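Visitor: I am new to this structure. Please take me through one part of it, close up.
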Amino acid sequence: MKSERVLEIFKEITRVPRESGHEEQIIAYLQNFAASHSLQCKTDEAGNVLIIKEASPGKENTPVIVLQSHSDMVCEKNSGVSHDFSKDPIKYVIEDGWMIAKDTTLGADCGIGMAAALAALEDPAATGRIESLFTVSEETGLDGANALKPDFITGKILINLDSEDEGELFIGCAGGIDTTAVFKYKTKKLPSITHLLKIKIYNGLGGHSGDDIDKGRCNAVQQLARFLYSEYAYGLDLCSINGGNKRNAIAREAEAVIAVPNPEQTSVRFAAFGKDLKAEFAVSDPDIRVEISTVDEEHSSAIETSVAWNLIASLFAAPHGVLAMSMDIPGLVETSTNLASVRMTGPGTIRVGTSQRSSVTSERQSAASKVEACFRIAGAEVSHESEYPGWKPKMDSALLDVCRNSYRRLFSIDPVVRAIHAGLECGLFLDKYPDLDMISFGPTLRGVHAPGERLDLKSLEKFVALLDDVILTYSNSTL
C-alpha cells in the first residue's frame, strides 16, 4: 500500500458531498468502489457500509482485521465564503508539506482514514480477510456505530483510523452527551425612536471541542454574552442573537442586533471590550476580531426583557472548557463542556446547543446536570440526547503490542501510547462486540472541525507504512 495512492483516493473523496446526515453520495461512492473492484459489499438500514476483501490463498486462517472510519464530515466555512457543501467539491491547496482547505473544513477527519481503508482493500498484497467498515453520522452523535447489528462484522481486531496525531497510538477515549436548552419568548414593541446596532465577534480559531478544549481559545458565544451582560446597566434591548454551529466545534463567530439609547457610547465601550479581548487571547487565539455597525433594516420589536436577560446571563454563566484533568494519565483532559451555539430557530424560540465529554461516566453525567441546572434556573426547557460511552484503556492488548513493535521496527523510536479526550466510536463497538481488541491511529491533522483544517503529508507516509506493516504482520501469522 502506497501513501501516494491513499492521497489520490482522498482527493476523490473531497469531491463527494458527505455532511453528517446527508451521506447518500458517499455511500454510493463506496458501493461503486466495491463493485469496480469486485469486492463484497453490504449496507445496513442506517447507511453503514462494509466492504470485504477475502483472504488470499493460504491466508484463510489468519486473523480477520476490521479497518474502521466514518464517512461523514463536519462542514464549517468562514463567513462570507460561498461554498455549498451539498454539491461543491472541497477547495484545497498543497503548501509547505500540508494539504489545506483555507476557507472550509478539509474533511481529512475522517476522509483520510476512509482513503487508507480503501487503498488496503485494493492492494494486491497477500493478506488475511480485511473488513473495511464505514459508519455514518459519527460527527453528530455516533448514529451509525450505535445502529450496528451484532453480526455486521466478523473480525475481532479493529483498527480505528480516526486519530489525528502521527506517532501516537490511542487505546481509550472519552464518552459524551449533548445538552440542549430551549428558551421560549414573546416580543415587545420598540420605541418609535431607537438606535439599532449589530455587534459581532468573529475570526476565532474554533476547533475540535474535545482535542482543542484545553487550548484556551475564544468562545465567541460566551464572549458576546459577556459584553451584552455588561451593557444591560446602560439600557439595552436584544432583537436577535446567533452564534456557533456544530456541537463538536468551539464557537468561532457570534453576533447580535441590539437597540440602545446612545449608540456612540455603546460603540466606545465595545471598542474597549474588543481591545481587552485581543489582549486576553493574544496567545491562544490571536486573530480574534470584533465589529460594530449600524443596522439599516427595520426592527420594530425585541425579545421580551425577562427572557433576553435570562438568556444572556445564562450564556455568560454557563460552564465552558475543562472541568477536570485525569489523575491517572498526566496531561489528559478528563471532563469538559462546550458551549457550542445559540440560534433563533423559529418564531419565539431560541436554542442553545452544548456538549459534555468525560472518560468517567458519572463525571460526564454530572457535567451535563450542571449545564442543565444553569439553564433551568434561567427558565429554559432542557433535554439531553446522543449519549455514548467512553473506551476504557486495555494495556495488555495484543494489538497494542503488534502496533508498538511495528512502529519501533519501522522508525526506530517508540510511539506514544495514550487516551484521547475526543469521542471515538470504539466505546460503542465494545457494547456490540465485547471481544474486540481495538486501537486507533492516524496521520497528523490540525484545525479539524474548523476552516483551515490541514493534513501533514509527511505524517501520511508514516501512517500508511504503519498500517500496511500491521496488516502484513497479522497476515503472516496466526496471532
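**A sheet and its helix, then a helix pair**

Guide: Start with one pair of residues. Ile100 has Arg454 as its bridge partner in strand S23. The model you see is a predicted one.

Now widen the view to the two strands. S5 covers residues 98-100, and S23 covers residues 454-456. They pair in the antiparallel sense, over three bridges. In general, strands of a sheet pair through backbone hydrogen bonds, either parallel or antiparallel.

Next, the whole sheet. It is open and has four strands, in the order S4-S5-S23-S22. The pairing is antiparallel. S4 (93-95) and S22 (445-446) stand at the edges. Each has a single partner strand, so one side of each is left without a neighbour in the sheet.

A helix packs on this sheet: H11, residues 457-475. H11 touches S4, S5 and S23. The direction of H11 makes about 60 degrees with that of S23.

Elsewhere in the chain, look at a pair of helices. Two packed helices are described by the angle between their axes and the distance between the axes. H5 (residues 220-231) and H6 (residues 263-280) pack at an angle of about 140 degrees. Their axes are 11 Å apart. H5 and H6 are therefore oblique to each other. The crossing of H5 past H6 is right-handed.

Which residues make the contact? H5 brings Gln223, Arg226, Phe227 and Glu231. H6 brings Thr266, Arg269, Phe270, Phe273, Leu277 and Glu280. By class, the contact of H5 with H6 holds four nonpolar, two polar and four charged residues.

Terms used:
Residues are numbered from 1 along each chain as its sequence is written. This is a predicted model: local features need pLDDT of at least 70, side-chain atom pairs count only at pLDDT 80 or more; totals for chains, interfaces and linings use all residues. Side-chain values use heavy atoms; hydrogens and water are left out. Axes are lines fitted to C-alpha atoms, for helices over the stretch in contact, and angles run from 0 to 180 degrees between N-to-C directions. Angles under 35 degrees count as roughly parallel, over 145 as roughly antiparallel, 65 to 115 as roughly perpendicular and the rest as oblique. A crossing is left-handed if the near helix is turned anticlockwise from the far one by less than a right angle, and right-handed if clockwise. Contact means heavy atoms within 4.5 Å. Ala, Val, Leu, Ile, Met, Phe, Trp, Tyr, Cys and Pro count as nonpolar, Asp, Glu, Lys and Arg as charged, and the others, Gly among them, as polar. Two strands pair if DSSP finds at least two bridges between them.
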